[in-house]
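Keep the structure open beside the text as you read.

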Amino acid sequence: MKTIAVVNLKGGSSKTTTTAFLAHAIAAAGRDVLVIDSDPQGSTVRWSDAAAWDIPTVALPVKNLHTRVRGIARPTTDVVVIDTPPLLENAGTVYSALRAADVVIVPCAPTSHEVDALPDVWAAIEEVQALRHEPAAAAVLLTRTIPNASSTGVYRESIEDSGHHVLTTVIPRREAYAQALGAPVRELGAYEPAAAEVLALEVQA
Ligand SMILES: Nc1ncnc2c1ncn2[C@@H]1O[C@H](COP(=O)(O)OP(=O)(O)OP(=O)(O)O)[C@@H](O)[C@H]1O
Ligand SMILES: [Mg+2]
């Protein structure tokens with residue numbers, strides 16, 4: 001079983017949207033997925049209820065996720081995807097999600113506002129690595145990109161230059177994603193190749 005945590009310091013950085021679409025894309029690839037909503041705001045669980053997801057989704061806004069995930073997963077669960085609250089507001093919960101994770105996905109827009117905040121995410125991951133037997137794999141997923149804008153390449157390069165992995169797939173800014181919360185997750189779009197990359201990362205982890 002592999003555990004993927006979707007983490008960012010910033011509120012409103014596409015964590016919940018990424019959790020929902022990534023979980024559905026991984027399920028569409030034939031995996032048995034469990035979603036854990038560790039954000040006390042509970043948006044993922046509400047979305048799952050409202051749209052009657054086939055993917056089981058549980059609320060678990062606690063600081064000991066790393067000791068709880070295995071007990072909550074079913075015997076058949078292959079992949080757990082954890083949505084997290086913003087790091088600053090619920091650091092304990094996010095740290096425990098980082099401890100639970102084999103793979104950390106950091107959704108981030110190609111803007112100075114979001115990219116400049118990434119070092120705090122790397123610091124949190126680094127802090128938690130010391131508590132783990134094996135390091136987690138971590139990668140940025142560029143989201144809300146504007147098609148053909150140079151910002152995508154510019155910020156990709158700056159994140160890679162700082163020594164961090166950026167998924168090849170990017171998620172465009174789209175009205176369909178902006179309006180997705182609460183609606184059935186159908187058009188997976190770029191989240192499909194993103195899920196394939198994330199699953200490949202888990203193999204290397
Ligand atoms: N690719 C996209 N294109 C357009 N809008 C998007 C995209 N991804 C996310 N959004 C929108 O951005 C906003 C923030 O997304 P989301 O709720 O997923 O972020 P979050 O990191 O989970 O926020 P919070 O920190 O409040 O939990 C939402 O209105 C969402 O619909
Ligand atoms: Mg959220």
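**Around the ligand**

By class, the shell around ligand 1 holds five nonpolar, seven polar and five charged residues. Here Ala, Val, Leu, Ile, Met, Phe, Trp, Tyr, Cys and Pro count as nonpolar, Asp, Glu, Lys and Arg as charged, and the others, Gly among them, as polar. Before going further, please keep in mind that this is a predicted model, in which local features need pLDDT of at least 70 and side-chain atom pairs count only at pLDDT 80 or more, while totals for chains, interfaces and linings use all residues. Residues are numbered from 1 along each chain as its sequence is written, chains are lettered from A and ligands numbered from 1 in the order in which they are written, and side-chain values use heavy atoms, with hydrogens and water left out.

Of the 17 residues around ligand 1, those that come nearest are Ser13, Lys15, Thr16, Thr17 and Pro172; a residue is near a molecule or strand if one of its heavy atoms lies within 4 Å of it. Helices α1 (15–28) and α8 (175–178) each supply at least two residues of this shell, and α1 gives the most, with three. Helices (H or I, at least four residues) and strands (E, at least two) are DSSP runs, numbered from the N terminus.

A backbone N or O atom of Gly12 is 2.9 Å from an oxygen atom of ligand 1, and an N or O atom in the side chain of Gln41 lies 3.4 Å from an oxygen atom of the ligand. On the nitrogen side, a backbone N or O atom of Pro172 is 2.9 Å from a nitrogen atom of ligand 1. Taken alone the ligand exposes 630 Å², and the protein buries 80% of that (Shrake-Rupley method with a 1.4 Å probe; for residues, only the protein chains shown count as cover).

Next, follow α1 to Thr18, which has its place in this helix. Thr18 counts as buried because its relative accessibility is 0% (buried means under 20% relative accessible area, exposed over 50%, partly exposed in between; 1.4 Å probe, protein chains only). Its side chain makes a polar contact of 2.9 Å with the side chain of Tyr191. Such a contact is a pair of N or O atoms within 3.5 Å; within protein, one must be able to donate a hydrogen and the other to accept it, and residues adjacent in sequence count only if both atoms are side-chain atoms.

What lies in the interior? The largest nonpolar core has 34 residues, of which Phe21, Ile26, Trp47 and Ile105 touch the most other members. A nonpolar core is a set of buried Ala, Val, Leu, Ile, Met, Phe, Trp, Tyr and Cys residues joined through side-chain atoms within 4.5 Å. Elements giving two or more residues to this core include α1, β2 (33–37), β4 (79–83) and α9 (191–204). Leaving aside neighbours within four places in sequence, Ile26 is in contact (heavy atoms within 4.5 Å) with residues including Ile4, Val33, Val81 and Leu199.

In helix α2 (residues 43–50), Trp47 is buried, as are Ser43, Thr44, Val45 and Ser48. The cover over these buried residues includes α1, β2, β3 (57–59) and β4.

Finally, turn to Asp32, in the loop between α1 and β2. Asp32 is partly exposed, with a relative accessible area of 26%, and a polar contact of 2.9 Å joins its side chain to that of Thr76.
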